[in-house]
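Dear colleague,

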Amino acid sequence: MDIVGNVLPQVLKDEATEDKGEMARLQSFVGAIAVADLVKTTLGPKGMDKILKPTGPGQEMTHITVTNDGATILKSMYVENPAAKILIEISKTQDEEVGDGTTTVAVLAGELLREGEKLIQKRIHPQHVIAGWRIARDVALKRLRDISSENDINSQEFHDDLVKIARTTLSSKLITSDRDYFADLCVNAVLRLKGSSNLDYIQIIKLPGGTIRDSYLDDGFILKKQITIGCKRRIENAKILVANTAMDYDKIKIYGTKVKVNSMDKVAEIEAAEKEKMKHKVDKILKYQPTVFVNRQLIYNYPEQLLADSGITVIEHADFEGMERVAAATGAEILSTFDAPERAAQVLGHCDLIEEIMIGEEKMIKFSGCKKNEACTIVLRGASTHILDEVDRSIHDALCVLITTVKNKRVVWGGGNSEMQMAAACEEEAKKVQGKQAFAIEAFARALRQIPTIICDNGGYDSAELIQNFKVELQKGNQNCGLNMTDGTIGSMSELGVKECLRVKEQALMAASEAAELIMRVDDIVKCAPRKRERA
Amino acid sequence: MSLAFDDYGRPYIILRDQGQKKRMKGLEAYKSNILAAKAVANTLSSSLGPKGMDKMLVSPDGDVSVTNDGATIVEKMEIQHPTAKLLVELSQSQDAEIGDGTTGVVVLAGKLLEQALTLLDKGIHPLKISDGFDRACDVAIKHLETISEEIDIQANEHEALIQAACTALGSKVVSKRKRELGKIAVTAVLDVADLARRDVNLDLIKIQTKTGGSVEDTRLISGILIDKDMSHPQMPKEVKEAKICLLTCPFEPPKPKTKHNINISSAEDYKKLYLQEQQYFVDMVKLVKDSGANIALCQWGFDDEANHLLLQNELPAVRWVSGTDVELIAMATGARIIPRFQEITPEKLGKAGSVKEVQFGTSNERMLVIENCQCTKAVTILIRGGSQMIVDEAKRSIHDAICVIRNLIKDNRIVYGGGSAELACAIQVLQYADEVSSVEQYAIRSFADALEGIPNCLADNCGLNPITSVAQAKSRQLQENNPRIGIDCMELGTTDMKEQRIYETLSSKKQQIQLATQVVKMILKIDDVIAPDDY
């Protein structure tokens with residue numbers, strides 16, 4: 001029925017719903033703010049963790065996750081509210097794009113909408129709010145770029161910056177007590193990539209047992225596989241042939257073939273031919289004169305034995321990623337045909353030493369002194385798989401941030417400094433803008449300031465007082481002041497060495513404001529009738 | 001459904017399962033149809049104009065999309081009502097024909113139906129109403145043509161085109177960057193446009209999306225971007241002076257289409273077959289290599305062995321390139337699509353300045369860019385944005401802008417936006433109404449009122465007082481005899497749309513009025529709805 005009382009015909013499908021105007025807006029605000037509030041407590045060095053417990057039947061469903069990582073939390077949540085889904089989406093994009101700041105982006109978008117809601121209640125049209133936000137975002141972005149600094153990529157300062165950034169990223173995670181150790185570890189791993197941004201080449205091996213402190217970066221490369229029985233366990237000056245070829249039964253690829261014989265002799269003959277074919281392949285491989293043979297696929301006993309007899313160490317069933325890493329590290333070419341032994345020098349990988357090592361209880365193969373040295377391995381140890389998973393995520397975050405920093409090179413001060421600076425810039429701008437937009441610009445500043453406020457709150461400090469002092473310090477011209485979360489005071493970030501990557505902040509600011517704008521523009525939510533699912 | 005009974009009280013059964021059908025007739029049917037159609041138009045009306053709002057649509061599977069595009073909104077609403085569905089089709093045909101103005105057309109139809117409802121209440125016959133609308137429509141179209149202006153699309157670095165694109169983008173979430181995106185769209189269209197024939201093949205503009213970054217990072221690539229990477233991780237990531245061999249046959253042993261069986265009955269056969277198989281791969285790669293190609297793009301997959309042979313022969317290759325991409329690459333690089341290895345000849349190769357792999361973000365996603373193609377008649381717009389929803393919406397917006405530019409290249413006449421064209425038509429139609437002596441007069445007058453509904457709606461969405469601003473604009477149009485006075489949506493301080501440079505294409509406006517009138521006429525002709533009862 002409409003307002004006048006006319007009975008309106010049903011336009012949408014039976015279970016579909018349509019919310020308009022205020023109702024629609026209320027729904028988005030509530031959803032988005034709820035999501036932001038949920039992850040808010042994980043923000044900052046004193047943020048808390050969440051336990052994620054999957055629902056549903058089955059053994060694997062009992063595996064819980066303990067994490068502090070915004071993207072992981074949001075990804076595993078099932079939400080119904082469409083606005084909440086948008087927040088989750090930006091958090092995921094943040095994770096893919098820069099790897100860190102996934103909580104910040106959701107919280108910032110949520111805080112923007114919280115401020116937006118107040119403005120709407122004051123009867124300011126959403127389009128005016130958006131217009132103001134757009135001005136504010138540009139001003140904030142400009143300030144953010146202005147306060148960032150750049151160092152030459154090869155200088156010692158840049159290296160120090162990287163360590164500081166890694167420390168800052170790791171300080172909000174489980175391994176905060178060992179952050180110096182892990183920061184060095186991550187920086188060394190990233191620098192080994194020599195500017196390449198392919199994270200695949202950094203392998204992370206998780207082994208339960210020992211303490212977190214026992215984790216280390218291996219300068220060689222570790223393959224989580226075993227050397228086949230009967231082969232040498234230690235090879236010096238190894239020449240490695242990396243292959244992706246069938247070493248079980250080499251089937252004929254010509255379409256429609258079928259073996260059809262009429263006597264037992266013929267069967268034996270064909271069997272022999274098959275064997276011979278394999279032998280032939282092995283012979284061809286031998287012509288390359290490798291000392292180690294790594295294959296992605298299974299190797300059957302017969303070729304294995306042939307190879308082992310020739311004194312070649314065989315590693316079978318390496319996974320695809322592992323193979324690529326071996327190839328990258330040793331400079332080998334991944335072979336599938338073996339008809340050009342004259343190219344042996346070109347295609348064989350090389351490393352000084354291959355040996356079987358024991359980490360904890362597991363046997364692994366270590367390649368050290370590799371030709372190209374691009375791939376490396378981080379071995380993580382810890383008391384339980386939950387801890388290891390969380391450490392893995394933290395290290396992943398740190399690595400992503402470091403790679404982004406290596407690409408982007410610009411850094412800003414951490415400890416809430418950049419947010420406060422941006423907020424200050426917005427407030428200055430608000431004084432110059434005529435019209436209702438100014439309210440929205442102020443609101444933007446307040447939302448930005450919420451980030452350090454929440455960090456304080458999570459640390460159990462008096463946020464109101466700290467943030468005010470912070471403002472005053474900035475006003476005094478103290479450009480590098482920030483929150484000292486160990487003492488609960490305002491300190492100098494250059495002394496504390498808290499730095500963050502500009503790109504992460506930039507992306508968080510852009511994504512959050514884009515998402516908030518998107519949600520703000522909505523005045524109508526149509527939910528289609530859910531698809532009927534037949535239960536299997 | 002009511003039944004007729006004979007003398008013995010038995011019902012006459014006329015329709016099959018008559019008892020289960022619902023039937024609406026006469027005035028009841030008209031009103032119900034009009035109300036349903038109006039409900040759809042009402043949903044869309046708040047999306048009209050530069051300050052229009054967006055709709056959030058949740059699909060049956062729970063996916064969220066946020067959009068301002070009329071055609072997308074009505075499509076995703078999953079409308080069930082039969083008459084309301086007509087409006088969905090209306091919006092879609094505007095989208096198919098013109099590409100832009102999909103919201104406006106539905107809103108106009110809604111306004112016309114609203115007027116029809118009051119006329120029906122007055123007791124005017126539906127056919128008279130539709131006749132009147134028809135005649136009014138003709139007048140409006142004629143007037144649109146007289147007030148339209150030809151613009152020089154070449155002048156001032158295509159400034160007019162950029163402005164028109166900006167008008168189209170102004171109502172979208174990307175409006176902040178409308179100037180940059182407008183330029184991208186204009187350059188893209190002009191790159192592929194055939195100015196002599198005044199035609200644009202939109203297939204040549206590929207719109208690729210990738211989440212991450214922000215809308216500002218959207219850029220135009222004068223070449224083709226394909227979402228694929230090299231088939232072997234160790235192949236070179238960049239090929240300069242590429243000679244492209246475009247294949248639609250897999251690097252695998254051939255599969256004859258006739259069903260067959262090869263029976264192996266002896267060891268010799270087995271060995272022979274093995275050798276032959278090896279030979280296949282060698283031959284294939286050799287044929288490609290001999291033609292002088294230095295990169296092979298294939299629609300199908302590669303066998304591991306073939307893949308390695310390609311690497312060994314230093315022939316970078318890409319597998320599983322989609323069919324549309326293959327065609328696009330063929331057009332851009334001048335390559336011929338080669339269905340068999342035997343038919344590879346040097347002339348059939350396409351040429352491009354470079355083919356290289358680019359990587360995005362921290363996750364391992366790579367794409368291939370083919371740049372400086374021999375006949376650069378294909379471009380790609382790479383859209384970036386903070387989330388999937390923004391990227392999707394940006395894609396729809398850019399599509400709209402591209403359509404507008406194409407229409408201007410086809411027909412360079414424009415009218416001014418901001419509701420000014422509708423107002424001018426309304427004034428003209430109103431004058432004409434007084435000359436008609438029959439009942440249609442009322443319908444024609446109502447048509448004028450409906451046209452005024454558009455600027456009314458625009459003003460409403462912009463937070464202006466709709467009645468005052470429309471009245472002011474109308475009186476100024478009459479006094480100054482200036483059909484360019486409209487609604488000042490952006491609050492720039494002038495109502496002359498020529499000064500605000502709000503351009504809309506004549507073809508789009510014409511189409512809007514014609515299509516809306518047609519659909520309204522159709523709805524007005526329905527006087528009986530028979531539907532299953534459970535509807």
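Two strands are said to pair if DSSP finds at least two bridges between them; strands (E, at least two residues) and helices (H or I, at least four) are DSSP runs, numbered from the N terminus. The model is predicted, so that local features need pLDDT of at least 70 and side-chain atom pairs count only at pLDDT 80 or more, while totals for chains, interfaces and linings use all residues. Residues are numbered from 1 along each chain as its sequence is written, chains are lettered from A and ligands numbered from 1 in the order in which they are written, and side-chain values use heavy atoms, with hydrogens and water left out.

Strand pairing

In chain B, S16(B) is joined to strand S17 (residues 503-505) by three bridges, and the two run antiparallel. Within this pair, Ile414(B) stands opposite Thr505(B). Strand S16 (residues 413-416) of chain B is also joined to strand S4 (residues 149-150) of chain B, here by two bridges and again antiparallel; Arg413(B) stands opposite Glu150(B).

Chain A holds an open sheet of three strands in the order S4-S16-S19, with antiparallel pairing. Its edge strands, each pairing on one side only, are S4 (149-150) and S19 (499-501) of chain A. Three bridges connect strand S16 (residues 410-413) of chain A with S19(A), and Val412(A) stands opposite Glu500(A).

Chain A overall

Chain A has 17 helices and 20 strands. Its C-alpha atoms fill a box of roughly 95 × 70 × 40 Å, taken along the principal axes. Of its 536 residues, 55% count as buried, that is, under 20% relative accessible area with a 1.4 Å probe and protein chains only (exposed is over 50%, partly exposed in between).

Nonpolar cores

A nonpolar core is a set of buried Ala, Val, Leu, Ile, Met, Phe, Trp, Tyr and Cys residues joined through side-chain atoms within 4.5 Å. The largest such core has 168 residues, and Leu247(B), Phe251(B) and Val288(B) have the most contacts inside it. Leaving aside neighbours within four places in sequence, Val288(B) is in contact (heavy atoms within 4.5 Å) with residues including Cys245(B), Leu247(B), Phe251(B), Leu315(B) and Phe341(B). A second, separate core of 76 residues includes Ala37(B), Ile141(B), Leu423(B) and Ile513(B).

Cavities

A cavity is a set of points, on a 1 Å grid over the protein atoms alone, where a 1.4 Å probe fits but cannot get out; lining residues have an atom within 4 Å of a point. Grid points are joined across faces, edges and corners, and a volume is the space filled by probe spheres set on the points. The search of the whole structure finds six cavities of 30 Å³ or more.

The largest cavity has a volume of about 110 Å³. Its lining includes Arg134(A), Glu514(A), Lys176(B) and Glu216(B), and helices H5 (126-147) and H17 (502-520) of chain A each supply at least two lining residues. By class, the lining has four nonpolar, no polar and seven charged residues. Here Ala, Val, Leu, Ile, Met, Phe, Trp, Tyr, Cys and Pro count as nonpolar, Asp, Glu, Lys and Arg as charged, and the others, Gly among them, as polar.

The second largest cavity holds about 80 Å³ of space. Of the ten residues that line it, Lys281(A), Lys284(A), Tyr274(B), Gln278(B) and Glu305(B) lie nearest its centre. Helix H8 (264-287) of chain A and helix H8 (267-290) of chain B are the elements giving two or more residues to this lining.

With kind regards

Conventions:
1 Å grid on protein atoms, 1.4 Å probe; cavity = no way out; pocket = protein on both sides within 12 Å on 5 of 7 lines; lining within 4 Å.
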